[in-house]
Amino acid sequence: MYNVIDYDPPLFRPPSEAYSQIFQITLGCSQNHCTFCGMYKTKRFTLRSVAEIRAEIESLPIPWRNQVQRVFLADGDALIYPQAGLLEILDHLNASLPNLTRVGLYASPNSLRGKSVEELAALRQNKLRILYFGLESGDPATLAAVRKGFSPEEMLALCRKAQDADLKLSVTAILGLAGRERSLEHARATAQWVTELSPEYFSLLTLFLRHNDDFLRSVTPLTNGEVLAEALEIVRHLAPIKTILRSNHASNILNLAGSYPKDREKIIALAERALQQARLHPDWFNALTDYAEEVF
């Protein structure tokens, strides 16, 4: 994608925002204490000024502005931005990008807690359409172990607040997060949580190495086969009203895609077949996942 913006690395965005114009309205993550996550450990959380963002928007050449349809607001928890400033940024995006259809951003439980339904609805009226939310696990013991800071029940209530504002939710959970010790509990509780919320999108990632070595040493790592088994356990127990499932992140070893409930049996069959085929290759099946091989 064409860009004239000098980003402050590292810069992350969801796979579905691959073709979006990105603006970093925050640097780092306001909730940067989760032990499993090293994405922003090299950054100090900072709110950038509205004036800086306006200048970046205006730095885009006019021909390019006319082509932008989607915008992603980074970094890790852009929803934490004060309401008045966030509305001003959205207003300027709408005024500057004539074909803009959607704005997306990462949201944490902390930032959702700080916004009322009315405030979220006001953001939606200004084309904020989708929130990317890291559940990580529906298992309370696993969430406590990774210092998420919120219980499954609290996060469920906060996400329902976003749904009340008619915002789409893309929820992520992490395979391997509970280690071998609570793999089954993690899988089943996560599936139950997603079933209760029925978000528009649900994605699986796999635990990976990034400035989180100490945490990785605190759990018994999964083998490749165990990761597949955990994914299968989740998709077997998922029963949302209507949710699109994806596992297309670079960390995943199994790509799953489909809609629940329409494609439920197809997704389960694919995961079962992958597990069966993997057992035919015991060296790979019993090998630790890539991150674990680097740490242990």
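Predicted model: local features only at pLDDT ≥ 70, side-chain atom pairs only at ≥ 80, totals over all residues.

Trainee: What is the volume of the largest pocket?
Mentor: The elements that give two or more residues to the lining of this pocket are β5 (102-107), β6, β7, β8 and β9 (243-246). The lining of the largest pocket divides into 24 nonpolar, 16 polar and 9 charged residues. The volume of the pocket is about 1100 Å³.

Trainee: Which residues that line the largest pocket are the closest to its centre?
Mentor: The lining of the largest pocket holds 49 residues. Those closest to the centre are Met39, Tyr106, Gly134, Thr172 and Leu205.

Trainee: How many residues apart in sequence are the parts tied together by the pair of phenylalanine 72 and tyrosine 106?
Mentor: The structure holds 4 aromatic pairs. Phenylalanine 72 lies in strand β4 (residues 70-74) and tyrosine 106 in strand β5, so the pair ties together parts whose separation in sequence is 34 residues.

Trainee: Which residues form one aromatic cluster?
Mentor: Phenylalanine 72 and tyrosine 106 are both buried. Tyrosine 106 also forms an edge-to-face pair with tyrosine 132, at 6.2 Å centre to centre and 70 degrees between the planes. This second pair links strand β5 with strand β6, its two residues being 26 residues apart. The one aromatic cluster is formed by Phe72, Tyr106 and Tyr132.

Trainee: Is tyrosine 132 buried or exposed?
Mentor: A residue counts as buried under 20% relative accessible area. Tyrosine 132 has a relative accessible area of 6%, so tyrosine 132 is buried.

Trainee: What does helix α8 reach from its first C-alpha to its last?
Mentor: Helix α8 covers residues 183-197, which is 15 residues. At 1.5 Å a residue, 21 Å is expected, and the value for α8 is close to that. The helix reaches 21 Å.

Trainee: What covers the buried residues of α8?
Mentor: The buried residues of α8 include His186, Ala187, Trp193 and Leu197. What covers the buried residues includes β6 (128-136), α6 (140-145), α7 (152-164), β7 (168-175), β8 (201-206) and α10 (224-237).

Trainee: With which residues is glutamate 233 in contact, leaving aside its neighbours within four places in sequence?
Mentor: Glutamate 233 has its place in helix α10. At 12% relative accessibility, glutamate 233 counts as buried. With those neighbours left aside, its contacts are Leu184, Ala187 and Arg188.

Trainee: What is the phi of serine 198?
Mentor: Serine 198 follows α8 and has its place in the loop between α8 and β8. At 13% relative accessibility, serine 198 counts as buried. Although serine 198 is not a glycine, its phi is positive, at about 50 degrees.

Trainee: Where does aspartate 166 lie, and what is its phi?
Mentor: Aspartate 166 lies in the loop between α7 and β7. With a relative accessible area of 49%, aspartate 166 is partly exposed. Its phi, a positive value in a residue other than glycine, is near 65 degrees.

Trainee: What is the omega of the peptide bond from alanine 74 to aspartate 75?
Mentor: Aspartate 75 is found in the loop between β4 and α3 (83-96). The peptide bond from alanine 74 to aspartate 75 is cis, and its omega is near 5 degrees.

Trainee: What is the omega of the peptide bond from proline 9 to proline 10?
Mentor: Proline 10 has its place in the segment before β1 (21-24). The bond from proline 9 to proline 10 is cis, with omega near 0 degrees.

Trainee: Which element gives the largest share of the lining of the largest cavity?
Mentor: About 30 Å³ of space lies in the largest cavity. By class, its lining has 6 nonpolar, 2 polar and no charged residues, among them Leu175, Thr206, Val227 and Asn252. The largest share, 3 residues, comes from α10.

Notes: Residues numbered from 1 in each chain as written. Heavy atoms only, no water. Helix = DSSP H or I, 4+ residues; strand = E, 2+ residues; numbered from the N terminus. Expected span 1.5 Å × (residues − 1). Buried < 20%, exposed > 50% of the residue type's maximum accessible area, 1.4 Å probe, protein only. Contact = heavy atoms within 4.5 Å. 1 Å grid on protein atoms, 1.4 Å probe; cavity = no way out; pocket = protein on both sides within 12 Å on 5 of 7 lines; lining within 4 Å. Points joined across faces, edges and corners; volume = space filled by probe spheres on them. Nonpolar A, V, L, I, M, F, W, Y, C, P; charged D, E, K, R; others polar. Phe/Tyr/Trp six-rings, centres within 6.5 Å; stacked < 30°, edge-to-face > 60°.
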